[in-house]
Amino acid sequence: MSFLSWRLHQHWLPVDSILQSRNLSLASKCVCCNQVESLQHVFFSNTVAANIWISFAEDFGFSSDPITSIHQAFKSWSLCCTTKGHVRQLIPVIILWVLWEARNKVIHEQRVYSFSSIRIRIENLIYYLGKAELLSYKHWKGDLMVAQRLHISVHKATRKPPTVLKLLKPPSGKLKVNTDGAFKDGLAGLGGMIRNEDGHCIAAIGRSTAGASPLHAELLAAAHILDWCQAQGYNNLIVETDCAIMRKMVINREQNRGADWLAKEALAQSSSFTWYPPIPNKLLRGILHLEAAGLPYIRG
Ligand SMILES: [Zn+2]
């Protein structure tokens, strides 16, 4: 994620300070204190976020200046590591993800915003990445002591036998949200599929925007679609994302076909759209029918 893309990102992430700068009247108050909510505040400078960055840096045995930008976060975390997919490259992504998730959970679900809950959530995500065998020995190279301290057993990756999956319908009264991102040549396609408790699609969203990487596109998709839902007043949500690093841990890719297709379509058309049933695209209708039928997919 380049600094430029982060700035672009900042201009549409709907934290209060940005909404205010667009002359929307709103009493700004962040989720952790009474300050104006800015991206800087949400991700870096609020006391909880600042301490999260410090505590994980300490776990990995380095101290860094207070993190003030995404650029700096990635830089200080990847300085001593070049292995692709190394846990040190994932940590800042996971921290940013969880900070944004925690902020949204306070707003949508009246959850408490605390250092310990955020810290535990991040540890759990790392733990599940290991469980899903997405983090193996080479990804922990040089940091095996940290894995031990976090109670993560690190072993050589083995391949799991194929599994048969069925599309899961959300429990009664909840909406299920699937998101996915696609990326190519500095452009990101964001896809989102909203389903009701019967598993029927109630909205299909595609967005085209600037992006820096496939992972960036995945994160943008999740953030954008959640904000869209909030704006619609949809707040009883089950969110499933296809974020590559969290795959298997959060959702099986086969259950994310609609969102995956939407992200690719928004990218290919370089356009943004929101569709409501009847869905105007034949292919997407087909995907929805397959999913509604509960047809199992085979994951190899
Ligand atoms: Zn605050």
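# Helix packing around α6

Me: α6 and α9 are roughly parallel to each other in this one; what crossing angle is behind that, and within what distance do the axes come?
Reply: In this predicted model, the axes of α6 and helix α9 (residues 214-232) cross at roughly 5° and come within 12 Å. An angle under 35 degrees counts as roughly parallel, and the two helices are therefore described that way.

Me: Which residues meet between α6 and α9?
Reply: On the α6 side they are V93, W97, W100, N104 and H108, and these meet L215, L219, A223, L226 and Q230 in α9.

Me: Switching to α4, what span does it reach for its 13 residues?
Reply: Helix α4, which runs over residues 47-59, reaches 18 Å from its first C-alpha to its last, and this is close to the 18 Å expected at 1.5 Å a residue.

Me: Which residues of α4 are buried?
Reply: The buried residues in α4 are A49, I52, W53 and F56. Because they cover an arc of only 95° around the axis, they fall on the same side of α4.

Me: What do A49, I52, W53 and F56 meet in α6?
Reply: Those four residues, which are also the ones described as buried in α4, meet I91, I95 and L99 in α6.

Me: How do the α4 and α6 axes cross, and what's the handedness?
Reply: The axes of α4 and α6 (residues 87-109) come within 11 Å and cross at roughly 155°, and the crossing is right-handed. Angles over 145 degrees count as roughly antiparallel, and that is therefore how α4 and α6 are related.

Me: What about α5 against α6, roughly parallel or roughly antiparallel?
Reply: The axes of helix α5 (residues 70-78) and α6 cross at roughly 150° and come within 8 Å, which makes α5 roughly antiparallel to α6. The contact involves I70, A73, F74, W77 and S78 of α5, together with R88, Q89, I91, P92 and L96 of α6.

Me: Which hand does that crossing have?
Reply: The crossing of α5 and α6 is right-handed, and the crossing of α4 and α6 is right-handed as well. I91 of α6 takes part in the contact with α5 and is also one of the residues that meet the α4 set.

Methods:
Residues numbered from 1 in each chain as written. Predicted model: local features only at pLDDT ≥ 70, side-chain atom pairs only at ≥ 80, totals over all residues. Expected span 1.5 Å × (residues − 1). Buried ≥ 20, exposed ≤ 12 C-beta atoms within 10 Å, placed from the backbone. Arc of directions from axis to C-beta. Axes fitted to C-alpha atoms, helices over the stretch in contact; angles between N-to-C directions. Parallel < 35°, antiparallel > 145°, perpendicular 65-115°, else oblique. Left-handed = near helix turned anticlockwise from the far one by under 90°. Contact = placed C-beta atoms within 7 Å.
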